[in-house]
Amino acid sequence: MGWDRVRWVAPDHPLAHNLAADSRFYFVHSYRVICESAANSLATCTYGEEFAAVIGSGKVAGVQFHPEKSHRFGLALLSNFAGT
């Protein structure tokens, strides 16, 4: 639980617009999703091991963290969600 850096591996994706390549987001859960296709992993985080923090395919995307608790980085991401 806490703040961690998220590295955008797809920095040209609309969700990453105006976000630093190494943004910080607030994680609350200790579980993770296993992304079966590396092409769908938009951003990663390392906590013990690297995992997909943002996944997406087409117009569908999901995040492993809580953008609403993630200060300016979260506001930027939510703005990107709304504009996508």
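## Basis of the description

Helices (H or I, at least four residues) and strands (E, at least two) are DSSP runs, numbered from the N terminus. This is a predicted model, in which local features need pLDDT of at least 70 and side-chain atom pairs count only at pLDDT 80 or more, while totals for chains, interfaces and linings use all residues. Residues are numbered from 1 along each chain as its sequence is written, and side-chain values use heavy atoms, with hydrogens and water left out.

## The largest pocket

A pocket is defined on a 1 Å grid over the protein atoms alone, as an open set of points where a 1.4 Å probe fits, with protein on both sides within 12 Å along at least five of seven lines; lining residues have an atom within 4 Å of a point. Grid points are joined across faces, edges and corners, and a volume is the space filled by probe spheres set on the points. The largest pocket holds about 250 Å³ of space. It is lined by 13 residues, of which Phe 27, His 29, Ser 30, Tyr 47 and Phe 51 are the closest to its centre.

Strand 1 and strand 3 (41-47) each supply at least two residues of this lining. The largest share, three residues, comes from strand 1. By class, the lining has seven nonpolar, four polar and two charged residues. Here Ala, Val, Leu, Ile, Met, Phe, Trp, Tyr, Cys and Pro count as nonpolar, Asp, Glu, Lys and Arg as charged, and the others, Gly among them, as polar.

## The nonpolar core

In soluble globular proteins, nonpolar side chains tend to be buried together. A residue is called buried under 20% relative accessible area, exposed over 50%, and partly exposed in between (1.4 Å probe, protein chains only). A nonpolar core is a set of buried Ala, Val, Leu, Ile, Met, Phe, Trp, Tyr and Cys residues joined through side-chain atoms within 4.5 Å.

The largest such core has 16 residues, and Val 6, Trp 8, Phe 25, Phe 27 and Phe 65 touch the most other members. At least two residues of this core come from each of strand 1, strand 2, strand 3, strand 4 (49-57) and helix 1 (71-83). Leaving aside residues up to four places away in sequence, the contacts of Phe 65 (heavy atoms within 4.5 Å) are Val 6, Phe 25, Tyr 26, Phe 27, Ala 53, Val 54, Ser 70 and Leu 77.

Leu 15 lies in the loop between strand 1 (2-8) and strand 2 (22-27). Leu 15 counts as buried because its relative accessibility is 1%. Leu 15 and Ala 76 are 61 residues apart in sequence, and their C-alpha atoms are 8.7 Å apart in space.

Asn 18 is also placed in the loop between strand 1 and strand 2. At 67% relative accessibility, Asn 18 is exposed. Its phi is near 65°, a positive value in a residue other than glycine.

## Helix 1

His 71 belongs to helix 1 and is exposed, at 59% relative accessibility. Phi of His 71 is near 55°, a positive value in a residue other than glycine. Ser 79 is likewise found in helix 1 and is partly exposed, at 48%.

## Cysteines

With a disulfide taken as a pair of cysteine sulfur atoms within 2.5 Å, the count comes to zero. Cys 35 is in no disulfide, and the nearest cysteine sulfur, that of Cys 45, is 14 Å away. Cys 35 is partly exposed, with a relative accessible area of 23%, whereas Cys 45 is buried, at 2%.
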